[in-house]
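This report describes helix packing, aromatic pairs and selected residues. The sequence and structure come next.

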Amino acid sequence: MNEIYRIFFLFLASLVVASFAHRPVLVFARRYRFYDNPSGRKLQRRPIPLLGGLVVFVGLTSGLALSWVFHDMTGIIPLYVATAVMLVLGTIDDAKDIRPSLRARSLAVCMASSSLMMQMSARTS
C-alpha cells in the first residue's frame with residue numbers, strides 16, 4: 001500500500017473513532033457536571049462541557065494503535081505518555097484554573113522528558 005494511502009487511512013480511522021467517541025464523552029461530561037463556566041478570562045457566555053481533549057486523545061490513540069500494523073512505533077511511546085499527561089493537566093486546568101506559571105512549567109517538563117526519552121529510545125534501536 002502506498003504510504004500516502006496509509007496516512008490517509010490512519011487519519012480517517014482516527015477521525016471516525018473520535019466522532020463516535022464524542023457523544024458518550026459529552027453525555028458523561030453533562031451527567032457529572034464537568035463544565036467550563038464563564039469567568040473573567042473565559043470568552044464563552046454560557047457553560048461549556050469539558051473533556052473535549054479526551055475525544056481528541058481517543059482519536060489519537062486509535063490512530064497510533066492502527067499505525068503499529070504498518071510500522072514499529074515503539075519510539076513514539078514517550079510522546080504518547082507526554083500527551084496523556086498534558087490531557088490530564090489540561091482537564092484539571094479547565095476544571096480548577098491552574099496558575100499559568102505552574103501550567104507552563106508542567107508542559108515544559110513534559111516536552112523535555114518526552115524529547116529525552118525519544119532520543120534515548122532512538123539510540124537503543
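## Basis

The model is predicted: local features need pLDDT of at least 70, side-chain atom pairs count only at pLDDT 80 or more, and totals for chains, interfaces and linings use all residues. Residues are numbered from 1 along each chain as its sequence is written, and side-chain values use heavy atoms, with hydrogens and water left out.

Helices (H or I, at least four residues) and strands (E, at least two) are DSSP runs, numbered from the N terminus. Contact means heavy atoms within 4.5 Å.

## Packing of α1 and α2

Two packed helices are described by the angle between their axes and the distance between the axes. The axes are lines fitted to C-alpha atoms, for helices over the stretch in contact, with angles running from 0 to 180 degrees between N-to-C directions. For α1 and α2 the angle is about 145° and the axes are 8 Å apart. α1 passes α2 in a right-handed crossing (right-handed if the near helix is turned clockwise from the far one by less than a right angle, left-handed if anticlockwise).

On the α1 side, the contact is formed by R6, F9, L10, A13, S14, V17, A18, A21, H22 and V25; on the α2 side, by L54, V55, V58, G59, S62, G63, L66, S67 and F70. By class, this contact has twelve nonpolar, six polar and one charged residues. Here Ala, Val, Leu, Ile, Met, Phe, Trp, Tyr, Cys and Pro count as nonpolar, Asp, Glu, Lys and Arg as charged, and the others, Gly among them, as polar.

S14 lies in helix α1, which spans residues 3-31. With a relative accessibility of 15%, S14 counts as buried (buried is under 20% relative accessible area, exposed over 50%, partly exposed in between, with a 1.4 Å probe and protein chains only). Leaving aside neighbours within four places in sequence, S14 is in contact with G59, S62 and G63.

## Packing of α2 and α3

Helix α2 (residues 52-70) packs against helix α3 (residues 77-96) at an angle of about 165°, with their axes 11 Å apart. That makes the two helices, α2 and α3, roughly antiparallel (angles over 145 degrees; under 35 counts as roughly parallel, 65 to 115 as roughly perpendicular and the rest as oblique). The crossing of α2 and α3 is left-handed. G53, L54, F57, L60, T61, L64 and W68 of α2 make the contact with I77, Y80, T83, A84 and L87 of α3. The contact of α2 with α3 has nine nonpolar, three polar and no charged residues.

F57 is placed in helix α2 and is buried, at 14% relative accessible area. Not counting residues up to four places away in sequence, F57 touches Y80, T83, A84 and L87.

## Aromatic residues

The structure holds two aromatic pairs. In a pair, the centres of Phe, Tyr or Trp rings (for Trp, the six-membered ring) lie within 6.5 Å; planes under 30 degrees apart count as stacked, over 60 as edge-to-face and the rest as tilted. The rings of F28 and Y32 have centres 4.8 Å apart and planes at 50°, so this pair is tilted. The rings of F28 and F34 have centres 5.9 Å apart and planes at 25°, so this pair is stacked.

F28, Y32 and F34 form one aromatic cluster. F28 is partly exposed at 41% relative accessibility, and F34 is partly exposed at 31%.

L51 is found in the loop between β2 (48-49) and α2. At 11% relative accessibility, L51 is buried. Not counting residues up to four places away in sequence, L51 touches V25, F28, A29, F34 and T91. The C-alpha atoms of L51 and D94 are 8.9 Å apart, while the two residues are 43 residues apart along the chain.

Most residues other than glycine have a negative phi. Phi of L51 is near 80°, a positive value in a residue other than glycine. Phi of R33 is also positive, near 55°. R33 is in the loop between α1 and β1 (35-36) and is exposed, with a relative accessible area of 67%.
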